[in-house]
Amino acid sequence: MSSIETAVGPPKGVGPMQRREARLAYGMLAPTFLIVATIVLIPLIANFWISFKPVQLGDLRPPTPVASERVRGDATAAGDRIRIEYRLRNSSRERAITDVIMTDSWVDGLTPVKLDPRCAITGQNLRCDLGNIEGGFRERLKIEVTVDEAYLASKTNPKDSKPVMTGDSENILTNTELTLDNFRKVFEASEFWSVLKVTIYYTVFGTGGALVLGLFAALLMNQAFRGRALLRGLFLFPYVAPVIAVAFTWVVLLDPFSGALNAILQQMGAAGGPINFFGQREASFTLLGLEFTFPLALTTVIAFEAWRYFPLSFLFILARMQSISGDMYEAAEMDGATPLQQFWYLSLPQLAGILSVLFLLRFIWTFNKFDDIFLLTGGGAGTRTLTVDVYEQGFALANLGAGAAVAVVVFVVLFTFSIIYFRFSPKDEG
Amino acid sequence: MMAVLRNGLLLAVISGALWGAIAMIVIGVTFALISGAPAQPSVNAAALAGLLGALVLMARTPDQRTPAVRAVSAAVVLVILFAASFAHPFGLPLDVAPFWQIVSVMLIVGTVSFTNWACLYDATRGALRRYDFEKILIRIFKGFGFVTFTVIVALPFYILVMTSLKSQQSLLANPLDFSIDFSGGVSGLFRSYVELFEQFNFGRYLLISSIVSVATVILTLLFSVPGAYAVSRLRFPGRSVLSRSILLIYMVPAIVLVIPLYAVFSQLGLRNTVAGLLIIYPATTIPVALYMLQGYFQGLPAELEEAGLMDGLSRLGVIIKITLPLSLPAMASVSLYVFMIAWNEFLFAFMFLDDPDIFTLSRGVVSLNSSEVPRQHLMAGAVIATLPILGIFLWFERYMVQGLTAGSVKG
């Protein structure tokens, strides 16, 4: 009896059909996997590797041996002497090159008086074996030659053929010289902790600002009226326009001397003098006799962030609002719930899911943001976040290793966020 | 305590003062920008005028608020506006830019009376039910919200376009003067644009940006369509892990990839080439596209494809003849979204391109950000970079919005 049952049930194990299907699937995914691995996954690992290496930006150009050739003296008759001179150097000041060999073609009719022991002439070729050269190596290799009729007749200049130099140098990225200096440098720098603080401040308030603005915008637009489509399109402009355009517009708009906003504020009497929104670290104002100080440039940058990214929260929240059934509101209306009560007790709980998903995702993306702050302030006036610090260390200070170390910090923080997100995110949203 | 405040008169005070102030700020500043006159809008006077206008409305019961009453209210707004500002509503003698002053005052009076009416038409004096009070209060603040949002979104774009038409000197002389100067004719007005195209090679940048963006879209689709199909339709070990980790990939920040890619591309000679960008851009957009497409493919009825397979089509045939035609809207959304990402991309273009002959628009505009290049050139460059993408957005708004909502957890 039982044997019959197993015969009738679905086949166990992997049949040839399924294997073929899996093979097809892998084949279709292979190109994607390949390019993502090359451009995202491997660089991610490479970044860890670089963060342990003492690499400067200049080290990316491998040290190369360089030669230039000159001819000294003028030969007019057979038996005259001229001198062929090779100026050799190492392009790097620090790093050595091994097994350096120079080759050049040898012109007929030239006889060396005395040949450098490292060089040999075979037929029409000159070959000099220079061995290992140190960083900053410089030498003039001179060869005295006598000319004969054949050289004078042929009129070839020895300089016509360029000398070729070959040599091996260690690739700074692949050798196994490892160090913890980069991390030491990053963590010991006095500004690191303030950079971290600025990053968190920027991320929390930028995300929150964009979310709150988006919620307000969605509340406004969650009703039918003429021109709604037009207004919705306008509300998306800040996000759709290129970051360079909107960032520079804000810089121009908020310029302390030629900016329209400062001019408006001063003319309306709201500001005593020009305010350098992107250049002033701190500003203070008095309220009820108390003086409050706040980071001005950072606040402005956060305002930009909220302005540029509220359209996204707006779209998501609006979509969620429009999917809430109207029956519930009708029932609440019957029971005499006021508009604010309806919002607080009906809408907000319905939106809680999408709001929390949006907050976490936007949190991660705001944390990752580089372009905006870089274009607005360049990281000055107390607005340097971790991502801007990566650029600052790696490229502005030309210390790739330190930049990579900051990038590792970025990644580790981000990884922690992601784990929290995937652990606690509601499964039905997003 | 709250019940005492819940009064029709309080609503009138809020509505009147708020709308008076907003109308004056918005219209007064617009007046200053358009006319170029050094205006100082009298916000307090306008708030008082709006408040008294609202009180005139409230003096009658809702069914008595005839057009005549509304006209009286408007007249009160006008008279108080002039009286409280000592006949200088914009802080200017009336003979400075008289035409624009008259138009602005009319607009302010019209706006304030209309909005007061629209907010308060059914409000009664005295104590109100909480429901009615909140309803009207929300009406007032919604109007306020519409104006505020429109202004904060539109103002930077207005400044962007107008600055590109000005000259550095006039901008420094009066930063508020955005009047359009027709004295140089059309070519004088668009001088910055002409110079960008003639001397700064912007025609070329426009072309390169277009090529890079279109090529990115094509490459992304070529990679992601088969991938998305496999994830959504085929069964294979590791499928669920894969479909979940796609999202993870696209949370990897570009700044973490920049250093290793810079190092390796420098050594391979791919840095400072368009080809280098065409490797990086698709790699960063493929996961997004794959994620968006697989969601859409899953929603398509599998029966159609099975019928196709039964009739002897190969998988490739099924994808090309059945799946793709059915998912054209999704393809449009994905394409537009990817196009937007590639067109607006800044970081890699900035880090990788040194040679002015192969700049994309983003890179080209950044190169204008120097003290030697006048500001209006920078703004004109920004307009050139913005117009195509905004045009495409408005033209295909429906698809673009779908693309944004499907993929734009990314920022």
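**A loop residue and its surroundings**

Modeller: Asn272(B) sits in the loop that runs between helix H12 (254-268) and helix H13 (274-299) of chain B; helices (H or I, at least four residues) and strands (E, at least two) are DSSP runs, numbered from the N terminus. Keep in mind that this is a predicted model: local features need pLDDT of at least 70 and side-chain atom pairs count only at pLDDT 80 or more, while totals for chains, interfaces and linings use all residues. As for labels, residues are numbered from 1 along each chain as its sequence is written, with chains lettered from A and ligands numbered from 1 in the order in which they are written.

Asn272(B) is not a glycine, yet its phi is positive, at about 60°. Asn272(B) comes out as partly exposed because 15 other C-beta atoms lie within 10 Å. For that label, buried is 20 or more other C-beta atoms within 10 Å of the residue's own, exposed is 12 or fewer, and partly exposed is in between, with C-beta atoms placed from the backbone.

Ala398(A) is found in the loop between helix H13 (386-396) and helix H14 (400-424) of chain A. With 14 other C-beta atoms within 10 Å, Ala398(A) is partly exposed.

Gly50(B) counts as buried because it has 34 C-beta neighbours inside 10 Å. Leaving aside neighbours within four places in sequence, Gly50(B) contacts Gly16(B), Ala17(B), Trp19(B), Gly20(B), Val77(B), Val112(B) and Asn116(B); a contact means C-beta atoms, placed from the backbone, within 7 Å. Leu78(B) is 28 residues from Gly50(B) in sequence, and their C-alpha atoms are 9.1 Å apart.

For a contrast, look at Phe294(A) in strand S10 (residues 290-295) of chain A. Phe294(A) counts as exposed, since it has 10 C-beta neighbours inside 10 Å. Beyond four places in sequence, Phe294(A) contacts Ala283(A) and Thr299(A). Its C-alpha atom is 32 Å from that of Phe316(A), which is 22 residues away along the chain.

Now zoom out to chain B, which splits into domain 1 (2-173) and domain 2 (192-407), with bounds from an automatic or database domain assignment. The C-alpha centres of domain 1 and domain 2 of chain B are 45 Å apart. Eight residues from domain 1 and eight residues from domain 2 of chain B make up the contact. On the domain 1 side, H6 and helix H7 (168-173) of chain B each supply at least two residues. H6(B) gives the most to that side, with four residues.

How do the chains meet? In all, 86 residues of chain B contact 79 residues of chain A. H6(B) provides the largest share of chain B's side, 18 residues. By class, that side of chain B holds 62 nonpolar, 15 polar and nine charged residues; Ala, Val, Leu, Ile, Met, Phe, Trp, Tyr, Cys and Pro count as nonpolar, Asp, Glu, Lys and Arg as charged, and the others, Gly among them, as polar.

The buried residues of H6(A) are Phe235(A), Leu236(A), Pro238(A), Tyr239(A) and Val240(A). They pack against helix H5 (191-221), helix H7 (243-253) and helix H9 (296-322) of chain A, along with helix H6 (130-164), helix H16 (328-344) and helix H19 (375-395) of chain B.

Last stop, the largest nonpolar core: it has 215 residues, and Ile244(A), Leu293(B) and Ala382(B) have the most contacts inside it. Such a core is a set of buried Ala, Val, Leu, Ile, Met, Phe, Trp, Tyr and Cys residues joined through C-beta atoms within 7 Å. H9(A) gives the largest share of this core, 15 residues. Not counting residues up to four places away in sequence, Ile244(A) touches Leu375(A), Phe346(B), Ser362(B), Val365(B), Val366(B), Ala382(B) and Ala385(B).

Conventions
Contact = placed C-beta atoms within 7 Å.
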